[in-house]
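This report describes the pockets of a protein model and the surroundings of its ligand.

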Amino acid sequence: MRTLIAGGLVVTATDAVHADVLVVGEEIAAVGLGLSARADRTVDATGRYVIPGGVDVHTHLQLETSGTVACDDFATGTGAAAWGGTTTIIDYAGHDRGESLLAGLARWQAKAAGRAHVDYGFHMMISEVDDRVLAELAELVAAGVTSVKLFMAYPGVYMIDDSAIFRVLRRAGQLGALVAVHAENGGPIEVLRTEYVASGRTDAVYHARSRPAILEGEATGRAIVLAELAGAPVYIAHLSAEQALNAVHAARDRGHPVYAETCPQYLYLDESALSGPEPARYVCSPPLRPAGMQEALWQGLRRGDLDVVATDHCPFTTRQKALGRSDFTRVPNGLHGVEERLTLLHEGVHRGQISLTRWVELAATAPARLFGLYPRKGAIVPGADADLVVFDPAAVGTLSAATHHSAVDYSVYEGLTVHGRPEMVMQRGDVLVDADGFHGRPGAGHFLPRRLPQL
Ligand code: URP
Ligand code: ZN
């Protein structure tokens, strides 16, 4: 099949130029002005942007946590991703303590196999560090899982201590793999949580009060110091606080390779939602921050201290969130966003907060590069996978649970007006979404063994 996407403004991380894009089979064959190639199908992209498919490097589909399971599985979650213009996800696989990393990976592979609509890779969450786990890291990298995540929070579940973090950073650095860190200081958080519950302060707002921004700043700084000592790069996942951003900025000034990600919820929502009518819906970790911090994050996106916008997509239904009705420590943590990310970030372009090329860089190119998928993903060049989005910047819409495609029964962005909409979404030459609706099929998304990060 040959498809010509004609007349659009092709936007990449570096340029915005009027050009046609020729797709042959699964790949981009040519990009140029006035391509007069023979095609089986022509898509008129006049007045539209043509961008690389979005790359969301932080999802938790079907994650088991807090006695329940995140409500989007690999079918519904990747379907929602496709509707939103995201054609690649990297989900966080995990292993139980005592279980090998590769056995954990096999469990996640089984969850995704035959279900995913878009291509997917995995990171590995490491919840225990010993010689066996360290030795297994090389096998993990050989299996195409070239990044791992370490937790400085959630004692008793995922949290590991500084010596373990240091050991993984050093070994990953030797292998060329990238370590992502959940940077919140879990020790004092646990003390505060226990005290709040003991004194009857169990409302959802205490979730945020027990996880103050200062503890994210401290943990981010500590993770960076441990990475510097290990001579390894580090990636700060879901950065939400100005204090953490300052730690990243200072490390970059010292010349240390620190990379950081934020998420749409930290750019658009604030902690006041935790005092509203449905507070549990907004419980995530790190928590939503005070109004005003969002602007610091937008500035971080502009300055380059934040490299990636991913989602931490981990939704729970109203019923699941109600598990913590009388105790915030029992609310399953997480929000949706995989469908809204590209459009919410484009809203930053519409409002003049970031440029058009920066939008593409943050949503597709930089995550593909950092996680070993570039230029197969995140690029519009001959030979790249034909993962393309025709995006209509003039469309005006309203985000709502009534129209989204995630399995979650509410939207934390309900009623928000957005400018711009993915109009046609293509993965490896196949149209997943267009004006006629959804054409994807479970299993069409392939596992992506990743190369080492390009840092
Ligand atoms: O609240 C969140 N982020 N839930 C997902 C698990 C994690 O900590 O990333
Ligand atoms: Zn996460």
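In this predicted model, α5 supplies six residues to the lining of the largest pocket, the largest share. Two or more lining residues also come from each of β7 (64-65), α2 (101-112) and β11 (147-151), while α5 itself spans 186-198. The largest pocket holds about 910 Å³ of space and is lined by 45 residues. Nearest its centre lie Thr65, Ser66, Tyr154, Val157 and Tyr158. By class, the lining of the largest pocket comprises 16 nonpolar, 18 polar and 11 charged residues.

Ligand 1 takes up the space of the largest pocket.

| Residue and atom type | Atom of ligand 1 | Distance |
|---|---|---|
| Lys149, polar side-chain atom | oxygen | 3.4 Å |
| Tyr154, polar side-chain atom | oxygen | 2.8 Å |
| Asn333, backbone N or O atom | nitrogen | 3.0 Å |

Of the 270 Å² of accessible area that ligand 1 has on its own, the protein covers 95%.

The second largest pocket contains about 390 Å³ of space. Its lining has 20 residues, and Glu339, Leu399, Thr403, Arg421 and Pro422 are those nearest the centre. The elements giving two or more residues to this lining are β16 (388-398) and β17 (417-427). Seven nonpolar, 10 polar and three charged residues make up the lining of the second largest pocket.

Methods:
Residues numbered from 1 in each chain as written. Chains lettered and ligands numbered in written order. Predicted model: local features only at pLDDT ≥ 70, side-chain atom pairs only at ≥ 80, totals over all residues. Heavy atoms only, no water. 1 Å grid on protein atoms, 1.4 Å probe; cavity = no way out; pocket = protein on both sides within 12 Å on 5 of 7 lines; lining within 4 Å. Points joined across faces, edges and corners; volume = space filled by probe spheres on them. Helix = DSSP H or I, 4+ residues; strand = E, 2+ residues; numbered from the N terminus. Nonpolar A, V, L, I, M, F, W, Y, C, P; charged D, E, K, R; others polar. Polar contact = N/O pair within 3.5 Å; in protein donor to acceptor, adjacent residues only side chain to side chain. Areas by Shrake-Rupley, 256 points an atom, 1.4 Å probe, with all protein chains shown as cover. Sits in = over half its atoms within 2 Å of the grid points.
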